[in-house]
Amino acid sequence: MDVLLHYADEYVFDSVYNYLLPHPPIPSSSSLPDLYNKTVLPSPYTQSTTYHPPDLSIGGSVTGSLWARDNIYRQGVSIFTIALTGAYIMYFLFCSISYFFFYDRRLEHHPKFLKNQIRKEIKSSLIAAPVIDLITLPWFLGEVRGYSKLYDNIGQYGWTYLVASCFMFLLFTDLAIYWVHRLEHHPLIYKHVHKPHHKWIVPTPYAALAFHPLDGYAQSLPYHIFPFLFPLHKYAYLGLFVFVQFWTILIHDGDMISGHFLERYINSPAHHTLHHLYFTVNYGQYFTWADSYWDSYRAPEDKLDPIHESIKAMKKKGLIDEDGNPIPQINKKDL
């Protein structure tokens, strides 16, 4: 996050804060030498890349904001804005790609597909995202202010560790999310936290973030905890974070492809579709090993595909014939 914050400060936020919270003009460097260089930052924060004092070597007066780049309130507001904007962009981009290019829209005729469901999924997601970002803010601030184990220099741990740490991240978060998710299905917790997400029995990709804010926060915790326990390269972390959003949307596309050789190991959209249909199976995020070990695994089968119920409903509505071919619909206005 500190990398994103640095560039956001450089190209956007410096100007915004200078305008909204201007600092009185500062005399030239000749009259107040080393003004910024004498500022002492907390030692954990000196390793952060987010704070870059103005360069007074060019001479002249410097004006800025009352909230300097290292001001914790400014960082909080900026990080919240970056995280929420990024979440919305990735949500609409990845969900729309999945929905318009991969999602089988015949599923919208399934008997358990809700009226105006997509609009409800989007509304739920838009409401949940800012709340999740707000309660996640302490983790982001901890990263930016240098308290995590995120690092810049690949040479510090080497390429082997860089690759290994990415797999460690996936395994750690997969196991942690498995148990968070499974605990959320406990009767004492389910109805208060996780039930809103299971309102979408036949979900679309837009349901990926459509849940109770505490549900979304709880399942995101492993992603934020990992870099406080294990060293992780900053750009690898950013890449993994984007991958997580993509994967969460991917497994909600309703694709029930089964029979491929990775089916027993990778938690695919088919596995997660069964989770929404049957509730107590396939809690995993990326892999199936935890479900297999703790007896919650259910293999995808063609007979379980919700598309069969959708096709039956479409035939009943007269939308397709017995061979599945579309039946031309007569517009009542044309009669």
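**View 1. A positive surface patch made of Lys 115, Arg 119, Lys 120, Lys 123 and Lys 199.** The model shown here and in the views below is predicted. One member of the patch, Lys 120, sits in helix H3, which spans residues 117-144. The relative accessible area of Lys 120 is 39%, so this residue is classed as partly exposed.

**View 2. The salt bridge between Asp 9 and Arg 74.** The structure contains 10 salt bridges, and one of them joins Asp 9 to Arg 74. The closest N and O atoms of this pair are 2.9 Å apart. Asp 9 belongs to helix H1 (residues 2-20) and Arg 74 to helix H2 (residues 72-101), so the bridge links distant parts of the chain, 65 residues apart. Asp 9 and Arg 74 are both buried. For Arg 74, the relative accessibility is 3%; the cut-off for a buried residue is under 20%.

**View 3. A second salt bridge of Arg 74, with Asp 14.** Here the N to O distance between the side chains is 2.7 Å. Arg 74 is in helix H2 and Asp 14 is in helix H1, and the pair therefore ties together parts of the chain that are 60 residues apart in sequence.

**View 4. The network of salt bridges around Arg 74.** Five residues are named in this view: Asp 9, Glu 10, Asp 14, Arg 69 and Arg 74 are linked by salt bridges into a network.

**View 5. The salt bridge between Asp 104 and Arg 106.** The two side chains meet with an N to O distance of 2.7 Å. Asp 104 has a relative accessible area of 26% and is partly exposed. Arg 106 is also partly exposed, at 37% relative accessibility.

**View 6. A polar contact between Gln 219 and Asp 215.** The contact runs from side chain to side chain, at 2.9 Å. Gln 219 is located in helix H6, residues 213-229. Its relative accessibility is 15%, and Gln 219 therefore counts as buried.

Conventions
Residues numbered from 1 in each chain as written. Predicted model: local features only at pLDDT ≥ 70, side-chain atom pairs only at ≥ 80, totals over all residues. Heavy atoms only, no water. Patch = residues over 30% accessible without salt bridge, like charges linked within 9 Å, V, L, I, M, F, W, Y side chains within 5 Å. Areas by Shrake-Rupley, 256 points an atom, 1.4 Å probe, with all protein chains shown as cover. Salt bridge = Lys/Arg side-chain N within 4 Å of Asp/Glu carboxyl O. Lys, Arg positive; Asp, Glu negative; His and termini not counted. Charge placed at Lys NZ, Arg CZ, Asp CG, Glu CD. Helix = DSSP H or I, 4+ residues; strand = E, 2+ residues; numbered from the N terminus. Buried < 20%, exposed > 50% of the residue type's maximum accessible area, 1.4 Å probe, protein only. Polar contact = N/O pair within 3.5 Å; in protein donor to acceptor, adjacent residues only side chain to side chain.
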